[in-house]
Amino acid sequence: MNMRISLLSRLLPVVALATPGYSDVVVLEPDKDNTLYRDTSGGTSNGAGEFLFSGITAMLSIRRGLLHFDVSGAVPAGSTIESVRLVMRMNMTIAGPQNVSLHPASADWGEGASDAPGNEGAGTTAAAGDATWLHTFFPGSFWTTIGGDFVSTPSATASVDGFGFYTWNSSAGLVADVQGWLDDPSTNFGWVLKHDIEIGVSSAKRFASRDNSDPDDRPKLEIGFAPPGGCPTTPYCLANPNSTQVAARIFVEGDCSIAANDFTLVSRPVPDQPGIFFYGDNSIQVAFGNGYLCVGGGIVRLLPPVFGSGNVATRSVDLIARGISPGTKNFQYWYRDAMGGGSGFNLSGGI
């Protein structure tokens, strides 16, 4: 993702600030998840299992996943949500490509200690507090509609085929969901993960859950947001995922005022490899390496290179020494990504 930043003199009027706040990003794993198993007992679950399921089994029984993320615990109150992406790893299937969607749940639900054996496709007897096809919290609380209470219109859809990572890309629906959960945490019941078509032939897909033994395979929710106050930015030009399985974002810490001269560029998540921040006058989008070149018009490299550490790259910029005038500049981060395949390098957006 790129961000466009207005560098403003203290003398410019406040109305020149087009967008409040500056862009930041957090990556969350679920704080609870589960699977709803349609069966004759209505008391099957898998709260502590390594996998989630969606679709129709070989025995023509429906599976629906549940995912919840603690948005308000990670994003500052009053922030503006700019982008939302969910990445999940699918690791078992009995069908070809299927549309799998995220629907906002409209009732709270639980994750108990149930842990299904084997490949977990049949689930196991629900434990206290588990969600089931009938229950929000086993054994005494129930869905209004069996199979889960959720909004019928999906917030995002992905076509899921063979083994690998899949992304539910940012959409107006996902952004609205997360913004609503941030503004009023009492409404955050997470998403129901379900196939668009739940009739006919077998179509089930198995996904890694938050309890999966491989941390890299667990679901990841990437939230781009503008905290209240700070440096005015506008994101543009989405980036491609890198070897961290998430696309790198770029944002500003400090102040966009040239007079304050307290301007720091940050990009994350990025591999712990060398990279270079750069800027120019124009916004473009041209395929380059494993991503996109989003900056054009007299590109200036901010040398020397920096080295990512802990999946974060940082560069302080002396705006006055650089001779940067009030106006708009577009920034981006280029970085090596030896484990990312392809060309061996990728790019964030910019500022």
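These entries record what I looked up about salt bridges in this predicted model.

**Basis.** I worked with a predicted model in which local features need pLDDT of at least 70 and side-chain atom pairs count only at pLDDT 80 or more, while totals for chains, interfaces and linings use all residues. Residues are numbered from 1 along each chain as its sequence is written, and side-chain values use heavy atoms, with hydrogens and water left out.

**Count.** I found ten salt bridges in the structure, each being a side-chain nitrogen of Lys or Arg within 4 Å of a carboxyl oxygen of Asp or Glu.

**E29 and R218.** I noted a salt bridge between E29 and R218, with the closest N and O atoms 3.9 Å apart. The partners lie 189 residues apart, E29 in the loop between β2 (24–28) and β3 (32–37) and R218 in the loop between β15 (205–208) and β16 (220–226). Strands (E, at least two residues) are DSSP runs numbered from the N terminus. E29 is partly exposed at 32% relative accessible area; buried means under 20%, exposed over 50%, and partly exposed in between (1.4 Å probe, protein chains only). I also recorded that a network of salt bridges links E29, R218 and K220.

**R89 and D217.** I found these side chains in a salt bridge at 3.6 Å, N to O. R89 sits in strand β7 (residues 80–93) and D217 in the loop between β15 and β16, 128 residues apart. R89 is partly exposed at 24%, whereas D217 is buried at 14%.

**D281 and K329.** I listed this salt bridge with its closest N and O atoms 2.6 Å apart. It links D281, in the loop between β20 (274–280) and β21 (282–288), to K329 in strand β25 (residues 327–336). D281 is partly exposed at 41% relative accessibility; K329 is buried at 18%.

Key. Helix = DSSP H or I, 4+ residues; strand = E, 2+ residues; numbered from the N terminus.
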